[in-house]
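I opened my notebook to look at one structure today. Here is what I looked up, step by step.

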Amino acid sequence: MCSTACGTPMECLTGALAALAGEELKSSFGPAVLERATVLVGARNVIDAELARTVREGELTRASEHDGKATMASWLRGHHRLPQGAASQLVRNGRASERLPVLAAAAAAGLVPAEAVSVMSRRWWPT
């Protein structure tokens, strides 16, 4: 849940990530480290799913054109220095999530990693 120090979900996320990065890990005991890693893997899956959903919305609304790029993949490569494969995977995952709502829900819940969504998207929509 967001604290009162952040006004938007993006501010909350940014603040939470900064707080996590500032935590001391050296004194953590094995099970605590494993629990932290488990939570972070789930969070990563949720963030990957939300990023794919956002990229899909950008593709549908041609948001990249507002920044001088023809496609979301080229925008991700040009403005965020993502490798071509990673940018294409994000676009493909966004499309797959739109067409496979059960898969999208599982990914959004943190249960399915982006790589699994990518495998499914290539299975059904090879490029």
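**Notebook: a buried serine, a cavity and a patch**

I began with Ser121, which counts as buried because its relative accessibility is 0%; buried means under 20% relative accessible area, exposed over 50%, and partly exposed in between (1.4 Å probe, protein chains only). I noted that this is a predicted model, where local features need pLDDT of at least 70, side-chain atom pairs count only at pLDDT 80 or more, and totals for chains, interfaces and linings use all residues. Residues are numbered from 1 along each chain as its sequence is written, and side-chain values use heavy atoms, with hydrogens and water left out.

I found Ser121 in helix α6 (residues 114-124); helices are DSSP runs (H or I, at least four residues), numbered from the N terminus. Its side chain joins that of Arg92 through a polar contact of 3.4 Å (a pair of N or O atoms within 3.5 Å, one able to donate a hydrogen and the other to accept it).

Next I looked for cavities, sets of points on a 1 Å grid where a 1.4 Å probe fits but cannot get out. I counted one of 30 Å³ or more. The largest cavity holds about 60 Å³ of space. Its lining takes two or more residues from each of α2 (30-61), α4 (84-99) and α6, and α2 gives the largest share, four residues.

Last, I turned to Leu13 in helix α1, which is partly exposed because its relative accessibility is 34%. Leu13 makes a nonpolar surface patch of about 360 Å² with Met10, Leu17 and Ile47; patch residues have over 30% relative accessible area and no salt bridge, with nonpolar side chains joined within 5 Å. Helix α1 (residues 9-21) gives the patch its largest share, three residues.

Note on methods: Patches are made of residues with over 30% relative accessible area and no salt bridge: like charges are joined within 9 Å, nonpolar side chains (Val, Leu, Ile, Met, Phe, Trp, Tyr) within 5 Å. Accessible areas come from the Shrake-Rupley method with a 1.4 Å probe; for residues, only the protein chains shown count as cover. A salt bridge is a side-chain nitrogen of Lys or Arg within 4 Å of a carboxyl oxygen of Asp or Glu. On a 1 Å grid over the protein atoms alone, a cavity is a set of points where a 1.4 Å probe fits but cannot get out, and a pocket is an open set with protein on both sides within 12 Å along at least five of seven lines; lining residues have an atom within 4 Å of a point. Grid points are joined across faces, edges and corners, and a volume is the space filled by probe spheres set on the points.
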